[in-house]
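Student: Please show me the structure, and then take me through some questions about it.

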Amino acid sequence: MRTAVRTVQVSLRALRRNVMRSLLTCVGIVIGIAAVIAMMEIGNGVSTLNQRAIASLGANNLLVMPGQAASGGVSWGSGSVMTLTPQDCDAIIRETTTIRAAAPEVRASGQLVYGNKNWIPMQVTGTTPAWFDVRQWPIGEGAYFTDQDVRNSGKVCVIGQTIQKQLFENEDPIGKELRLANVTLRVVGVLSRKGASMFGSDQDDLVVAPWTTIKYRISGKNQSAGASQSGGTTASKTNPGVNTLNNLYPNQSAIPLYPELSETQAADTPMAVKFTNINSIQVGVNTAGEIPLATKQITDVLRERHHLRDDEPDDFQIRDMTELMNTLASQTELIGKLLLIVAMISLIVGGVGIMNIMLVSVTERTREIGLRMAVGARGAHILWQFLVEAVVLCLTGGVIGIAIGRGVSLLVRTFARWPTAISIPAIVASVIVAATVGIVFGFYPAWKASRLDPIEALRYE
Amino acid sequence: MKPAQPPSTDLIRLHNVTKTYHLGEVDVPVLKGITLTIDRGEFVALTGASGSGKSTLMNILGCLDRPTSGEYWLDGQEVSKLSTDQRARVRNNKIGFVFQNFNLLPRTTALEQVTMPLTYYTGKLSERDGRKRAEALLDRVGLADRMHHLPSQLSGGQQQRVAIARALINNPPLLFADEPTGNLDSRTTKEVLEMFRKLNAEEGITVIIVTHEPDVAAVARRNIRIHDGLMESGSFDERNRAAPALEVAK
């Protein structure tokens, strides 16, 4: 133990004799480690930005679709049965842990009219305000519609940039009223621009309104269902014993839309419990990594709600954005590989620098080595001394490098506003790598020194 | 153990030591059978022309090299067959070296120079005791006021005295000086030789000086002369017969 301490002391003394050269020797390692740390931290930032960007494309999103119907062996394709209800959506929000937000989707189509202009939007979506969160779609002007609007089937909508351009041109659309399939909707907000989707369709060409508005006021198909639905809701309220899935509105405590039926009235007009079906549910998962778990949780919730027996197939489908997820994964991998290559190159350069100087040092100090051997140093002592010198050089370089790397990363954070983050694993790895480089590249010179013949070494000029 | 217990007066006993170098196919015999005894407390000069095998004998005596054949008893221990590491241990414990070119570590204070061999001495001396001993030794060689000086701040004589202090740090019974005055002027040569003489007389340390200078050899009480791989004079038997001065005169 004391020998070890003394060996380190001897090495430190030897390094102190040549402070300038020791520092310059470190430079290679300093640059290498600084590069690794800075790249790791900046890379983390870039990766975060990247993930955010890809997430905004919907990489973290799941789409729950109703199942398929088949008759006589002919499948009607996905969505051909209506098995999803807004209550399913509420249950998913309530009963899963991995979900950021979920929103029902109801689709419609129709012509938009404003003044003397008209336009047929690509997409008319009825949903809840959570949808904007799921889609990560910030508002450009105005505001989103509210949960209150959803409860009241409010005649409001949020439009995309394309619609603003087509119908309003230079006018401010906020507060203006446009007609969709002959229903007047007040524009409360304009979404920010999202551009084309991955498949080239214009994502900004859309109208978003409360799903109740779309369902009950615009898409005529299920209007009667909606009417009877309201009856069902009140019925379920007055007769809690009745098994019903249809809580019409997301917020149960809301003011009832229709006058409540008395018990007698309800008994007089029995109505079948009917579903308010929705086209799909958009689910935003917390992180891309949790998608498999979220998928499982949603499946469990829906199977239970739909009273499916174990041997029955799912009456819904959950789709994830596999392509986007793969892109995300490959991006992260790419950045990781890039960093690794940069790190390897700079560390090898630094290591060769160390080896070079150590070899010079061994040659230059041949007499010293001879003397140390003459006074009783064994080969192992000499080996350790030079090895410790190399490792100390590398570790010093490593520490300086970590400081510089952190500094660079802070500069980038301050001036480029990238979300760089301190990476403890990178620091730990750098220290280990620096020591390893010291050992690997210091070993040969140290070994050479330890093999010197004391007689020759003492005579060396 | 053939010669059961070597008499305690012997510090060094060589028996028919030879050394042969192999240069490719050719064997070059350098030492052709040296038999020699040096007692404790002797002051010996080792002389010989260059190429005589003097340096080789010195290396073997200093445990830096191994003889090709023969026996070498040092302080009661047969060292001719020891491994490299074992010989390093012997050098550390039993032999102090002083060199012609001082061999001080650059940019290292005199005190650190002197404590340096302790780094490898896995013995009983603690850091503080080692330091104390080094200070005492520097004081002894007259450098008490220069303990923290660097070699570049010391004269040649002072540097050699630092080297002597370093050689003595492990309290060796044998002090080996290889041309210790070769780089010194006549005044400092005298100083240094006086130092050796004092150490020999007062401490009873056996001193072997390797030199080619007759007046340096004259200081020693016994002069071993090597010629062509053999001892020409100074063998054990005749040591008390001839006065050293006469040897030199011859």
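The questions and answers below concern a predicted model.

Student: How many helices and strands are there in chain A?
Tutor: Chain A is a chain of 461 residues, of which 42% count as buried. Its secondary structure comprises 15 helices and 14 strands.

Student: What share of the residues in chain B is buried?
Tutor: Chain B has eight helices and ten strands. A residue counts as buried if 20 or more other C-beta atoms lie within 10 Å of its own. Among the 250 residues of chain B, the buried share is 46%.

Student: Among contacts in chain A between residues at least 6 apart in sequence, what percentage join residues at least 24 apart?
Tutor: In chain B, residues 24 or more positions apart account for 69% of the contacts with a separation of 6 or more. For chain A, with contacts between residues at least 6 apart, the share joining residues at least 24 apart is 81%.

Student: Which helix gives the most to the side of chain B that touches chain A?
Tutor: The contact involves 23 residues of chain B and 19 residues of chain A. The chain B side divides into ten nonpolar, seven polar and six charged residues. With six residues, the element of chain B that gives the most is helix α2 (residues 84–94).

Student: How many nonpolar residues are in the contact of α1(A) with α13(A)?
Tutor: On α1(A), the residues in contact include V8(A), L12(A) and L15(A), and on α13(A) they include W384(A), V388(A) and V392(A). By class, the contact has four polar residues and one charged residue, and its nonpolar residues number eight.

Student: What span is expected for α13(A) at 1.5 Å a residue?
Tutor: α13(A) has 37 residues. From its first C-alpha to its last, α13(A) reaches 53 Å, close to the expected 54 Å.

Student: Which residue just after α13(A) takes a positive phi?
Tutor: The phi in question is about 60°. The residue just after α13(A) that takes this value is R417(A).

Student: In what hand does α3(A) pass α10(A)?
Tutor: Helix α3 (residues 86–95) and helix α10 (residues 291–305) of chain A have axes that come within 10 Å and cross at roughly 135°. That makes α3(A) oblique to α10(A). The contact is made by D88(A), A91(A), I92(A) and E95(A) on α3(A), and by I298(A), V301(A), L302(A) and R305(A) on α10(A). The crossing of α3(A) with α10(A) is right-handed.

Student: Is A181(A) buried, exposed or partly exposed?
Tutor: A181(A) sits in the loop between β10 (177–180) and β11 (183–191) of chain A, and its phi is near 50°, a positive value in a residue other than glycine. A residue needs 20 or more neighbours within 10 Å to be buried, and 12 or fewer to be exposed. A181(A) has 17 C-beta neighbours inside 10 Å, so it counts as partly exposed.

Student: In which strand does N16(B) lie?
Tutor: N16(B) is not a glycine, yet its phi is positive, about 50°. With 14 C-beta neighbours inside 10 Å, N16(B) counts as partly exposed. The strand of chain B that holds N16(B) is β1 (residues 10–23).

Methods. Residues numbered from 1 in each chain as written. Chains lettered and ligands numbered in written order. Predicted model: local features only at pLDDT ≥ 70, side-chain atom pairs only at ≥ 80, totals over all residues. Contact = placed C-beta atoms within 7 Å. Helix = DSSP H or I, 4+ residues; strand = E, 2+ residues; numbered from the N terminus. Nonpolar A, V, L, I, M, F, W, Y, C, P; charged D, E, K, R; others polar. Expected span 1.5 Å × (residues − 1). Axes fitted to C-alpha atoms, helices over the stretch in contact; angles between N-to-C directions. Parallel < 35°, antiparallel > 145°, perpendicular 65-115°, else oblique. Left-handed = near helix turned anticlockwise from the far one by under 90°.
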